[in-house]
Amino acid sequence: MPARKPKVIVTRKLPDPVETRMRELFDTELNTTDEPMARKALAAAVARADVLAPTITDKIDARLIEQAGPQLKLIANFGAGVDHIDVEAATARGITVTNTPGVLTEDTADLTLSLIMAVARRIVEGANVVQSGDFKGWAPTWMLGRRITGKRLGIIGMGRIGQAVARRAKAFGLQIHYHNRKPVSPRLAEELDATYWESLDQMLARMDIITVHSPHTPATYHLLSARRLKLLPAHAILINTARGEIIDEAALADLLSKGAIAGAGLDVYEFEPQVNPKLLKLPNAVLLPHMGSSTVEARTDMGEKVIVNIKTWMDGHKPPDRVIPSML
Ligand code: 8YV
């Protein structure tokens, strides 16, 4: 830890109050253009910075970490997911990695429920009809969606966000099912009236709605593979507000266009920001531009977490949100 103020390089524009506070506390370099930093600029940043504050749009892989100067001691990520950072390579070089868990849970869960509603009740299609001036009047058999109440929701990944989704879904009358590395506590299972499925395959075949809330790790890459997607009933809808890489996007696009899956609500994509062109044409796909945590409150709190992690490190303590490779 340097005696002077640490040099903190922030890769993207952050909310104003966050940037102001960072400039007060640290020797902060901001990205005023908000253009994602090119590889060369990132390499130059890790060569000079004591702390890098990146986001999901920066690929911090082992090769980039090799280019870091010996002074780089902390990567304080603005975001909960750290799949864009080679945490093992960083840790091996004595660089601590932190993230911003907890503060985007409720907003991401809200967006998940919005997508469930949007797909099941055809909200975007309906809104488009009105906005394009094509609304000719009510009809008994027009714009029919599917009821939410009483349906089976299968949650993949029952961490903070999965649980927040379950709480909301229960209030909507959905039956809660989940697949996770291990079952939740008996108290929580009772509170949510949640059924644990050890076998993901078995759960997929029996759900009306599936929603993904696991982190993207080597173990969850294409967890919803073409084979597994085929297990879904034809009336099922699939929601993903976690990471695109967890679903084989090409296989999903094929199944949706054939009507083998009824609909999908996606906020994240396998090759973000590229979206499979087949998906773009489908009326049964509601596609959002990675907005799970995009509320003023969440983004400000995420920035606050970044600051607390840097400040704690600067004061010689262990930052609260350290990412430990063995926990990934
Ligand atoms: C963030 C997210 O906006 O926190 C995450 O993991 O997916 C998003 O909600 C993004 O990661 C910012 O880096």
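## Basis and overall form

The model is predicted, so local features are given only where pLDDT is at least 70 and side-chain atom pairs only at pLDDT 80 or more, whereas totals for chains, interfaces and linings use all residues. Residues are numbered from 1 along each chain as its sequence is written, and side-chain values use heavy atoms, with hydrogens and water left out.

The protein chain holds 13 helices and 12 strands, where helices (H or I, at least four residues) and strands (E, at least two) are DSSP runs numbered from the N terminus. For 328 residues a compact globule would have a radius of gyration near 20 Å, and the 21 Å of the protein chain agrees with this; the radius is taken over C-alpha atoms, and the globule rule is 2.2 Å times the number of residues to the power 0.38. Along its principal axes, the C-alpha trace spans about 70 × 50 × 30 Å.

## The seven-stranded sheet

An open sheet of 7 strands has the order E8-E7-E6-E9-E10-E11-E12, with parallel pairing; two strands are taken to pair if DSSP finds at least two bridges between them. Strand E8 (195–196) and strand E12 (285–287) stand at the edges with a single partner strand each, so one side of each has no neighbour in the sheet. Strand E11 (residues 263–266) runs parallel to E12 and is joined to it by 3 bridges, with Ala-264 opposite Ala-285 of E12.

## The five-stranded sheet

A further open sheet contains 5 strands in the order E2-E1-E3-E4-E5, and its pairing is parallel. Its edges are strand E2 (27–29) and strand E5 (96–98), each of which has a single partner strand, so one side of each is left without a neighbour in the sheet. Neighbouring strands of this sheet are turned by 15° against each other on average, direction ignored; axes are lines fitted to C-alpha atoms, for helices over the stretch in contact, and angles run from 0 to 180 degrees between N-to-C directions.

Strand E4 (residues 74–76) and E5 run parallel and are joined by 3 bridges, with Leu-74 opposite Thr-96 in E5. Helix H13 (residues 296–314) lies across strand E1 (7–10), strand E3 (51–53), E4 and E5, and runs at about 160° to E4, contact meaning heavy atoms within 4.5 Å.

## Salt bridges

The count of salt bridges comes to 20, each being a side-chain nitrogen of Lys or Arg within 4 Å of a carboxyl oxygen of Asp or Glu. One of them joins the side chains of Asp-27 and Lys-7 (3.3 Å, N to O), and this pair links distant parts of the chain, since Asp-27 is in strand E2 and Lys-7 in strand E1, 20 residues apart.

## Local backbone features

The peptide bond from Glu-272 to Pro-273 is cis, with omega near 5°, and Pro-273 is found in the loop between E11 and helix H12 (277–280). Met-143, although not a glycine, has a positive phi of about 65°; Met-143 lies in the loop between H6 and strand E6 (152–156).
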